[in-house]
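Here's a quick tour of a single chain, going from one residue out to the whole fold. Have the viewer open and follow along.

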Amino acid sequence: MAEKPLNPILKLVLELGPVGLYLLAYKRFQDAPLTIGGTEYGAVVAATAVFVPLMLLSMGITFALTRALPRMAVFTAIVVVVFGGLTVWLNDDTFTKMRPTVVYSLFAFVLGVGLWVQKRSYLEYLMGQMMPMGQEGWMAFTRNWVFFFIFMAIFNEFVWRVLGEEAWVWLDTVGQMALTFGFLATQYPLLRKHLEEPEEEPKS
C-alpha cells in the first residue's frame, strides 16, 4: 500500500509533541517526585513513564494516517520502549540516560560496517529515493554520519555523568535536535557537490 502524505503541521506535532510533554513532565516532577504505593519515582523516571506511551500513540497515529513508518523510527522506538521500560520497572534512570548512547553507537556501528567492511552505504538504502547522489557522495556522507554518531554517543555519556541530570534532559529533548541540525548544515557543501539533478522527461 502506498504511503499517504501527512499534513506538515500535524507531522511536526506528532514528532515533537511527546518530547515537549516529556520535558514538561520532568519539570513537574523535578521538585515533587511522583509517589505510587509508597515508592518514590524521580523526575526522569516519571517523565519516561509519560513519554513512552505518548511516543507509541504518536507512532500509531502516524501509521494510521500514512500506512508507513520509517525504519529508523521503528528501531529507535524499540530501543526507547526497552530502555524506558527498564527505567520505570527498576526505578533506575541510568537505563534511559544510556539509551541515546546505545542508539548512536549502534547507528555508528551498522553504518561503519557497511562503509568499511562491505564497501556500501546503508544510508543510500534508506534515503536514496529522496536524495539522488552518486556512490562517492553517499560514501562521504555516510562516513560523516558515522563520526557524528560516535561524537553524540560520547557526548551523551559526558553530559549525564559529568554535567548532571538537568543538563542531560535538555540535551535529550532539545540539544540533540539542535546538534543534528547543526551537523546537517555543515554537510550542505558536500550535498551541493554530489547531489544529482533529476533527469528531465523528454518533451512530446
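Let's start with Asn156, which sits in helix α6. Keep in mind that this is a predicted model. Is Asn156 buried or exposed? Its relative accessibility is 3%, and buried means under 20%, so Asn156 counts as buried. Which residues does Asn156 touch, once neighbours within four places in sequence are set aside? The contacts are Lys97, Met98, Pro100, Thr101, Trp168 and Leu171.

Now the helix itself. Helix α6 covers residues 135-163, 29 residues in total. From first C-alpha to last, α6 reaches 40 Å, close to the 42 Å expected at 1.5 Å a residue. Just after α6 comes Gly164, with a positive phi of about 105°.

Zooming out, the chain has eight helices and two strands. Reading from the N terminus, the order is α-β-β-α-α-α-α-α-α-α. Some whole-chain numbers:

| Property of the chain | Value |
|---|---|
| Accessible surface | about 12500 Å² |
| Surface belonging to carbon and sulfur atoms | 67% of the accessible surface |

Last, the charges. There are 15 positive and 17 negative side chains, and the centres of the two sets lie 3 Å apart.

Technical notes:
Residues are numbered from 1 along each chain as its sequence is written. This is a predicted model: local features need pLDDT of at least 70, side-chain atom pairs count only at pLDDT 80 or more; totals for chains, interfaces and linings use all residues. Side-chain values use heavy atoms; hydrogens and water are left out. Helices (H or I, at least four residues) and strands (E, at least two) are DSSP runs, numbered from the N terminus. The expected span of a helix is 1.5 Å times one less than its number of residues. Accessible areas come from the Shrake-Rupley method with a 1.4 Å probe; for residues, only the protein chains shown count as cover. Lys and Arg count as positive and Asp and Glu as negative; His and the chain ends are not counted. The place of a charge is taken as NZ of Lys, CZ of Arg, CG of Asp or CD of Glu. Buried means under 20% relative accessible area, exposed over 50%, partly exposed in between (1.4 Å probe, protein chains only). Contact means heavy atoms within 4.5 Å.
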